[in-house]
Every structure is written in structure tokens, then in C-alpha cells.
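Let's take a friendly walk through one part of a protein fold. Have a look at the picture first, and then we will follow a strand and its neighbours.

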Amino acid sequence: MAWFKRKEKGITTATEDKMDIPKGLWYKSPTGKIIDAEELARNLFVSPEDGFHVRIGSEAYFDILFDNNEFVELDKNMTSKDPLHFVDTKKYSDRLKEVMDKTQLKDAVRTGVGKSKGRELVICCMDFAFIGGSMGAVVGEKIARGIDHAIKNRLPFVMISKSGGARMMEAAYSLMQLAKTSVKLAQLAEAKLPYISLCTDPTTGGTTASYAMLGDINISEPGALIGFAGPRVVRDTTGKDLPEGFQTAEFLLEHGFLDFITPRKELKDKINLYIDLIQNNEIR
């Protein structure tokens, strides 16, 4: 097949003249399906070939859930400190600066207030790109303030979790956020306001052990990894083989840990449906 063989020897191309394929032009899903990146974006980052839900961040979720992507961001400039002067492979303070520059995020959660299907609600959404969506003092404080805003203004509260768990660089400060957010959610319940918890891939560690599993209705996207410790850690600790599909959203739904699995295209309709049902409002 000579059409792809070079007949002349010694032909070279200057580096500046070489054509590179733009990054992100194609996306390959875990099942091996190849999808055009633009088509994937139009499909809310869900593979049309196999339904695989690609990880997205707060920017995309806000665009999906808020009407016309119009919202007000609360506490947008709140940033983490380094009270322990923590150092592992690098200083925590340096790591924070690097990840803020790289992601253009201030921390691993953002809070938006706006209308969804015509009615106002509060949404806190985590970003895995910021140190694995780890839960530090700022994450806990922003969630607490988001709940306070919901209580003060009598609004439903939605939490979108995407996290590797507690942020080890903040040690006990991080672990305190489990209790802090749980208490705030108890206050939300006392105020008789709806709380919808959406678990996305992955939702693990202290996040699962606190606010992610405390919703009036707990939902998940298809195929999401949800659990406390990861499957490898559980297997190594117990010394036993895990059930097929262990810690997937489908496994948790079957065993009663989730109420519903909701595809991304249906999120806006379903979340507002659950809120209307809880508040005994007319269905939108």
C-alpha cells in the first residue's frame, strides 16, 4: 500500500511548519467510544454512544440548572489559609496558589443563587479540579453560609458533591467541617426547607460521611463512584473480593443508599420536581 509510504528519502519538515491536532478535538470514553468534543459539549458532556457522564465542574452545572445561566455567586473571594504551615512534597500555601492560578477557582466549592424553572434556589457545587474537590475549612464555611442564605430567604438548597474527601493539609480543621455542615443542614430541616443532594463522580470520604448523604432526597448521576473509602482500600482492609459494581451509583440505589439515579439531561426537571413535591407546590 504505497499511498502511505514515503517514496523519497531525506525529506524533513521544519518544526514550526508541523501541524498539531488541537487538544480536546476528540474524547475517548472508558468503554472505548470516540466522540467529537463539540458534540460532547452540546450533549452536556454525556457520551451519546454509551451514556458515560464525563466529569464537569460548577460552571457547567450552574449553566444546566440556572435559568439562562443567571445567578449571583456568594462569598466568591473566600480563600483558604495555611494555619498549620503544612508541607508535604511542597508547601500547602504554594499548592493553593498554583491550583488557583491553574483553575481560576478560589476553592473547591462555589455557591450560586438564582432561578431554576422560574423559582429561586441556592446551589452549592464542588469542583474536583481544585485539589480533588477536597473539603477544607473554606468548603465547610461556604456551604454553611449557603445554607444560612437559604434559611434567611426561605429558599430550597441543592448540594452537588464531587470530592475525594477531607483535605489532609488542614487536618482537624477539615474534619470539623463534617459536624459543621451537618448541624447547618439540621437547621435547614427545622426551617422545613427542602434539601436535594446530588452525588456525582466521585463522592467519597468525609463528604459522603456528612452532607452528601443527608438530603431529603439523595440522587446521583449514572455510574458515579460513591463511598467512604475507595474500593482498593476496602479490599485491602477486609481481604475480600468486592461485589460486582461495588460503590457505583447503581449498586447504592439497589441497596437503599440512594433514592434516584438521574441522567444529566433530566437534572433540572427532576430536581425542581422533587422540590415541588416536598413543598406541596404546583408541579412546574
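How many bridges join β6 to strand β7? There are six, and the two strands run parallel. Keep in mind that this is a predicted model.

## A strand on the inside

Strand β6 covers residues 157-163, and seven of its seven residues are buried, so the rest of the structure largely encloses this strand. Buried here means under 20% relative accessible area.

Now look at where the side chains go. Phe157, Met159, Ser161 and Ser163 point one way from β6, while Val158, Ile160 and Lys162 point the other way. Residues of both groups are buried.

## Neighbours of β6

One partner is strand β5, residues 119-126, which pairs with β6 in the parallel sense over four bridges. Within this pairing, isoleucine 123 has valine 158 in β6 as its bridge partner. To get from β5 to β6, the chain passes through helix α4 (residues 137-153), making a right-handed β-α-β crossover.

Another partner is β7, which spans residues 195-203. Here, isoleucine 160 stands opposite leucine 198 in β7. Together with helix α5 (residues 171-190), β6 and β7 make a right-handed β-α-β unit.

## A glutamine in the helix

Let's finish in helix α5, where you will find glutamine 177. Is glutamine 177 buried or exposed? Its relative accessible area is 5%, and the cut-off for buried is under 20%, so glutamine 177 counts as buried.

Leaving out residues up to four places away in sequence, glutamine 177 touches Met135, Gly136, Ala137, Gly140 and Glu141.

Technical notes:
Residues are numbered from 1 along each chain as its sequence is written. This is a predicted model: local features need pLDDT of at least 70, side-chain atom pairs count only at pLDDT 80 or more; totals for chains, interfaces and linings use all residues. Side-chain values use heavy atoms; hydrogens and water are left out. Buried means under 20% relative accessible area, exposed over 50%, partly exposed in between (1.4 Å probe, protein chains only). Two strands pair if DSSP finds at least two bridges between them. A crossover is right-handed if, with the strands pointing away from the viewer, the path from the first strand over the helix to the second runs clockwise. Contact means heavy atoms within 4.5 Å.
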